[in-house]
Amino acid sequence: LILVLDFGGQYNQLIARRVREDHVYCEVHPNTMSLDAIREMAPKGIILTGGPNSVYREDSATCSPELFRLGIPVLGICYGSQLMAHLLDGTVETAPVSEYGKTEVEVTARGSKLFQNVSAKTICWMSHTDYIKEVPAGFTATAKTPVCPVAAMENAEARLYATQFHPEVMHTAEGKTMLKNFVYDVCGCQGDWKMDSFVKTTVAELKEKIGTGRALCALSGGVDSSVAAVLLSKAIGKQLTCVFVDHGLLRKNEGDEVEAVFGPDGPYDVNFIRVNAKDRFYAKLAGVTEPEKKRKIIGEEFIRVFEEEAKKIGAVDYLVQGTIYPDVIESGLGKSAVIKSHHNVGGLPDYVDFKEIVEPLRLLFKDEVRAVGRELGIPDYLVNRQPFPGPGLGIRIIGEVTEEKVKIVQEADAIYREEVAKAGADKGLGQYFAALTNMRSVGVMGDGRTYDYAIALRAVETSDFMTAESAQLPWEVLSTVTRRIVNEVKGVNRVLYDCTGKPPATIEWE
Ligand code: XMP
């Protein structure tokens, strides 16, 4: 296991993902993790992340200098490298010249384990205003740039390594090699963390833990809850009940697709309950236009419906949740402002009679969850499904939600997805969908005047959904989609493309 200690940098999850791509298991913990806890965990190596601070400020995130004397190899990255230098009595100062972006780094210590198979001059991603002016005793500088004398340093005997640049980001051309060198050659990891072994061990653990107990899962049809449900079904079969609440705000045919996989005619041996609750949701949403209010209503009604079903089932031992690793990391660390109140199953535990929560995916990243899904034989259209918000189309219909508007946005969205996929333009898209604006405008069709809705198309490229860029879809695709939507979807006479990034917009429209 490799331990990543988080000092608040923006690429922290990326470090963990890179290490796992090398088939080495890795966890991210806050920088405040105690030495005792670290000793107990006994990682084979520790990576200190970047962070926004200056090491010489009193209130900066830090760690105990003893960390470097545990005999465990350490790699400090950016802020982590400066912290290593600072805590071991080197000198860190504001750099005369800050470096930002792709920078050519010269590797001066060709024998360094960290730089095996790395070119003598290599492009690295820099982002720093402080620098290491003098390395601590026992260290040597192993790489430099014209303005940064210590682009990397090491004390090979003590197995302490540091890079001022970020090996984890793609822009560092040979960063993957450097991380691999650290993890395999310095730390001695084997690379045996693979998805088939994850499935085998997890199913065995779940079997052991749950025994003859009963479990309940709120299935949304999204990737995470689907994969969690299938893992559970492999472990305990019919002792698992999946409740799928169809709130009438799903994409076209989505409810039936979920039922086809998890229902009685599907391949999995689970109890499946589909609750068709659309009328209840539409009734509650009638006349409501304010986005946050719509979100709250949908979230609360969802819990109510789920609770009623759970009552019918009676007490269960376990509640299954599809929590994944980024949720775990995010909830444990910094708090950000509430932009939107998110709807997910996090609110359920208070309402359901159960003893314990099981979260079989809590240590996996999204792409790993998909890999597990494939390993389990879940159909591609479920495994590769793009993220879909809990409140569903409710937040893609601006203003009041009605059954008629849901139909319009479902049809437009289905056409959009079909055409984008057909043209192969979906590669690299984080999310793409249609939203129904609350705006009507004048048009002409045949010889007559129309006064109909405008559909907005959105497609974004993003890796973390915190920031996103509007994707440049091919014009032919957009015009085909536009033509089909205005011809085939009654009530629409205009199609717009959303060119806004996040920030300043958000990905969803409400
Ligand atoms: P925004 O619109 O905030 O969305 O840029 C970021 C990502 O989160 C998804 N999203 C949600 N997911 N419950 C969810 O489970 C929600 O209430 C919710 N709202 C937004 C959105 O689809 C995008 O992927």
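Visitor: In which helix is Val223 found?

Guide: This is a predicted model, in which local features need pLDDT of at least 70 and side-chain atom pairs count only at pLDDT 80 or more, while totals for chains, interfaces and linings use all residues. Residues are numbered from 1 along each chain as its sequence is written. Helices (DSSP runs of H or I, at least four residues) and strands (runs of E, at least two) are numbered from the N terminus, and the one that holds Val223, spanning residues 223–236, is helix H6.

Visitor: Is Val223 buried or exposed?

Guide: A residue is called buried if 20 or more other C-beta atoms lie within 10 Å of its own, exposed if 12 or fewer do, and partly exposed in between, with C-beta atoms placed from the backbone. Val223 has 24 other C-beta atoms within 10 Å, and therefore it is buried.

Visitor: Which residues does Ser225 contact, leaving aside its neighbours within four places in sequence?

Guide: Ser225 also lies in helix H6, and it counts as buried because it has 23 C-beta neighbours inside 10 Å. Two residues are in contact if their C-beta atoms, placed from the backbone, lie within 7 Å. With neighbours within four places in sequence left aside, the contacts of Ser225 are Cys217, Ala218, Leu219, Ser220 and Gly322.

Visitor: Which residues does UniProt list for "binding site"?

Guide: UniProt positions are given in the numbering used here, with feature names shortened, and annotations may be inferred rather than shown by experiment. The entry is unreviewed, and under "binding site" it lists Ser220, Gly221, Gly222, Val223, Asp224, Ser225 and Ser226.

Visitor: How many residues of domain 3 are in contact with domain 2?

Guide: The domain bounds, which come from an automatic or database assignment, are 2–186 for domain 1, 195–383 for domain 2 and 402–497 for domain 3. The C-alpha centres of domain 2 and domain 3 lie 29 Å apart. Five residues of domain 2 take part in the contact, and on the side of domain 3 the number is six.
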